[in-house]
Each structure stands twice: as C-alpha cells, then as structure tokens.
Amino acid sequence: SKYEARSLFIPPGGLLSRRVQGKVCNVCGYFQKEVGVDLCENCNTRLDATTSEIFSLLELSNVKTCRRERITSDEEERRHFGYEVSTQFRFAPSPGGQKKMFEATVEDENHSPLFRMIYAPVAELYRINHGWRNRRDKGFLIDIDNGVWLGGVEVEEDEFEPEPSRHPEIVRLFVRDFHNLLLLYPLDPILLKDDRLQASLQYSLQRGIEQVFQIEESEIASERIGSGAYRAILFWEASEGGVGVLRRLIEEKNVISDIGSAALERCHFHPETLKDLKPECFRACYECLLSYGNQRDYPKLNRHMIKELLLRISKGNVLSRKSGRDYEDHYRWLRSLTDSRSELERKFIDHLYQTKR
C-alpha cells in the first residue's frame with residue numbers, strides 16, 4: 001500500500017514545546033540558538049538580512065499517514081517535486097567554554113597549503129526542511145494545536161478531510177542529532193569559485209574515505225555549505241554512534257594521502273601516472289562518482305577536473321594546529337621555550353620542524 005503523511009502526532013507538552021526560533025548564518029552555515037545575536041558565533045560575520053535568516057522551526061515528531069491509491073513511484077519526478085533540505089551545524093562546548101574542535105592544514109609535497117580542516121566531535125547537526133523546491137513560499141502550513149498539514153500536494157479525489165483549523169502557522173520542519181563532523185575549507189581561490197570542482201572533489205573524497213576505511217556509503221555523508229571564504233565541504237558520520245574515521249584524518253598525517261590515492265583509483269586514474277584506466281567513462285559513472293544519493297549533482301560531476309588536485313592530495317600530509325597555533329607559529333613558540341644554554345634542544349626542534357615529525 002502507498003501512504004502520504006498528513007498530520008503529526010502530538011508529543012507530551014504539545015507541539016508548541018517543540019517549536020523554536022533559530023538564526024542561520026548564510027556565510028558559514030552555523031546555527032545560532034539565540035536569534036538576537038549580531039555576530040556569528042563561528043565566523044564573526046555581522047548577521048543582517050543579507051547574511052542570515054531567522055526561521056520559525058518545528059522539530060519533527062512521528063507522523064500519521066493516510067492511504068493513497070493514486071500515488072505512483074515516479075510521481076515526485078513527474079511533478080518535479082522534491083524537498084529543499086539544508087544542513088547547519090553547531091560545535092559542542094568544551095569545559096573551558098571554548099568550542100570543542102581541532103584544526104589542521106593539508107599541504108602538498110611542496111608545502112603549499114591545500115585545505116584547512118576542522119574536526120568537531122559530537123557536534124550538533126540540524127537538518128531543516130524548507131518545503132517543496134518548486135514553490136515560492138517556503139515552509140509548511142501546520143495547525144499547531146492538532147498537528148494537521150493544512151497545505152500539501154494537490155491530488156485528485158482526496159478523501160482526507162482535516163479538522164477545522166484553530167492555530168495555523170507556517171514553520172520549517174527540522175531534526176537534530178549529534179555527530180562527529182569534519183569541515184574541509186579549500187584554500188585555492190579557483191576551487192572556491194567553481195561549484196563543479198567542489199562537487200567532484202566532495203564525492204571523490206567521500207569515495208576515498210569509504211575505500212580506505214572499508215565503510216559503507218550510508219555510514220558517511222557529505223554536503224557543500226557556506227559561501228565565499230567560508231565555503232566548505234562538510235562530512236559527518238551518519239551511522240548510529242559514528243564509525244570513528246573522521247578523527248583519524250586530522251590526527252594521522254598520512255591518512256589524507258591514502259584517501260587521495262584511493263580517490264584517484266576510484267576515478268579510474270593510475271595514482272602515480274594519472275593514466276586513464278577507463279576511457280569509456282566520459283565524465284562520471286556509477287563505479288566512480290555517481291550514486292543514488294547525489295542525482296541532483298550529476299550535471300556538475302566530472303572526474304577529469306579533479307585528477308591533478310587528487311594527485312597533490314595523494315602526495316600531501318596533515319599538519320595539526322596546537323592551541324590555535326599553526327605549524328610555523330607552534331615551531332617558533334617551542335623554540336622560544338628552549339634553554340638559552342642548550343643548543344641541543346634547538347637542534348632537536350629544528351630537526352622535527354624540517355622533517356615534519
């Protein structure tokens with residue numbers, strides 16, 4: 001049988017207990033719980049009408065469904081429907097009041113920076129449903145008192161008769177959970193401007209992570225968020241409890257190179273010579289970048305656009321930031337702590353610096 005969601009179950013305390021307001025920074029994608037804040041808690045952007053949005057949100061509860069005989073499996077595509085869903089994040093607080101996050105930089109073999117990485121354990125992830133893609137008015141019209149959807153897909157011979165509306169409101173539906181996440185910020189201006197490059201890189205690295213750590217496609221998810229200098233690829237561990245692989249990307253300096261090599265092989269290139277091992281794959285195929293979950297990005301995906309970048313990643317390494325200091329600053333800080341009478345200490349630190357230990 002085929003069913004359509006028509007109303008929400010009323011949780012203890014009523015739907016009003018699950019209704020919240022939130023402000024989203026459009027520059028970096030950070031979720032602000034206090035709508036009155038003027039500066040983004042993550043990127044310090046001034047939040048105004050051009051850089052942020054305030055949403056009336058309703059946390060999605062269990063739903064009641066109504067049987068429909070006329071729905072078909074291709075109805076969504078035939079009517080060009082589909083939900084517009086966005087992802088926002090919020091870092092977990094640490095005991096000292098700071099955000100719980102760890103930073104690192106990815107460099108190629110010539111020590112040129114490629115990416116800035118931020119790993120955040122148990123971060124709060126928000127998935128917000130803004131309504132149908134083909135509608136100008138976003139959100140869902142829901143009766144807050146009885147949970148009935150008052151607007152939806154127009155269907156023929158609709159047998160569903162809703163109760164009279166008492167408290168209708170337009171809200172965005174959302175769910176939230178805690179996940180380990182990794183933000184990858186490209187440092188190349190060309191990569192920041194070209195969404196085709198970003199999309200191809202996003203799915204190639206996701207395939208590389210799956211290959212290196214031998215995990216299922218459903219265990220890790222990714223999305224492109226933010227804009228300008230804060231445009232990023234967001235990875236999160238989607239499986240229950242997480243799989244613990246994203247932490248290794250920032251803690252182990254050579255894992256990123258393994259992922260780059262695996263991504264090259266997945267994209268049908270030899271990891272050393274870049275020889276095309278499958279010329280019949282013109283742009284992308286289901287053996288490399290395409291999957292059921294990224295159909296909307298099919299026109300953007302092109303394995304040939306990213307082969308040089310993946311080669312640089314395959315020969316790169318990760319340099320962690322310590323206490324907010326990058327590799328250079330941390331080296332100078334350690335050298336300043338050495339005993340003025342001990343040349344051996346300085347030689348040892350210089351050796352570690354030069355060999356990237």
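Visitor: Let's start with Asp-194: buried or exposed, at 17% relative accessibility?

Guide: Asp-194 counts as buried, because 17% relative accessibility falls under the 20% cut-off. Keep in mind that this is a predicted model.

Visitor: Which side chain does Asp-194 meet in a salt bridge?

Guide: That would be Arg-196, with 3.3 Å from N to O. Arg-196 is partly exposed, at 42% relative accessibility.

Visitor: How many salt bridges does the structure hold?

Guide: There are 21 of them.

Visitor: OK, new topic: helix packing. At what angle do α3 and α5 pack?

Guide: About 110°, with the axes 7 Å apart; α3 covers residues 195-213 and α5 covers residues 255-266. So α3 is roughly perpendicular to α5.

Visitor: Which residues make that contact?

Guide: On the α3 side there are Ser-204, Leu-205, Arg-207, Gly-208, Ile-209, Glu-210, Gln-211, Val-212 and Phe-213. From α5 come Val-255, Asp-258, Ile-259, Ala-262, Ala-263 and Arg-266. Sorted by class, the contact has 8 nonpolar, 3 polar and 4 charged residues.

Visitor: What about the largest nonpolar core: which members touch the most others?

Guide: Those are Phe-115, Leu-201, Ile-209, Leu-310 and Ile-313, out of 44 residues in that core. Ile-209 also turns up in the α3 contact with α5. In general, nonpolar side chains in soluble globular proteins tend to be buried together.

Visitor: Which elements each supply at least two residues of this core?

Guide: The strands are β7 (102-107), β8 (113-132), β10 (168-186) and β12, and the helices are α3, α4 (246-251), α5 and α6. With 7 residues, α3 gives the largest share.

Visitor: Which residues does the second, separate core include?

Guide: That core has 21 residues, including Cys-40, Cys-43, Leu-47 and Leu-181.

Visitor: Zooming out, how many helices and strands are there in the chain?

Guide: The chain has 8 helices and 13 strands. Of its 357 residues, 47% are buried. If you take contacts between residues at least 6 apart in sequence, 69% join residues at least 24 apart.

Visitor: Where is Glu-84 found?

Guide: Glu-84 belongs to strand β6, residues 83-90, and is partly exposed at 31% relative accessibility. Beyond its neighbours within four places in sequence, Glu-84 touches Ile-128, Asn-129, His-130, Gly-131, Arg-133 and Lys-138. Glu-84 and Lys-138 are 54 residues apart along the chain, and 9.0 Å separates their C-alpha atoms.

Visitor: Last one, backbone angles. What is phi of Val-122?

Guide: Phi is near 45° there, a positive value in a residue other than glycine. Val-122 is in strand β8 and is partly exposed, with 41% relative accessible area.

Visitor: And His-268, what is its phi?

Guide: Also positive, near 70°, and again the residue is something other than glycine. His-268 sits in the loop between α5 and α6 and is buried, at 8% relative accessible area.

Conventions: Residues numbered from 1 in each chain as written. Predicted model: local features only at pLDDT ≥ 70, side-chain atom pairs only at ≥ 80, totals over all residues. Heavy atoms only, no water. Axes fitted to C-alpha atoms, helices over the stretch in contact; angles between N-to-C directions. Helix = DSSP H or I, 4+ residues; strand = E, 2+ residues; numbered from the N terminus. Parallel < 35°, antiparallel > 145°, perpendicular 65-115°, else oblique. Contact = heavy atoms within 4.5 Å. Nonpolar A, V, L, I, M, F, W, Y, C, P; charged D, E, K, R; others polar. Salt bridge = Lys/Arg side-chain N within 4 Å of Asp/Glu carboxyl O. Buried < 20%, exposed > 50% of the residue type's maximum accessible area, 1.4 Å probe, protein only. Core = buried A, V, L, I, M, F, W, Y, C linked by side-chain atoms within 4.5 Å.
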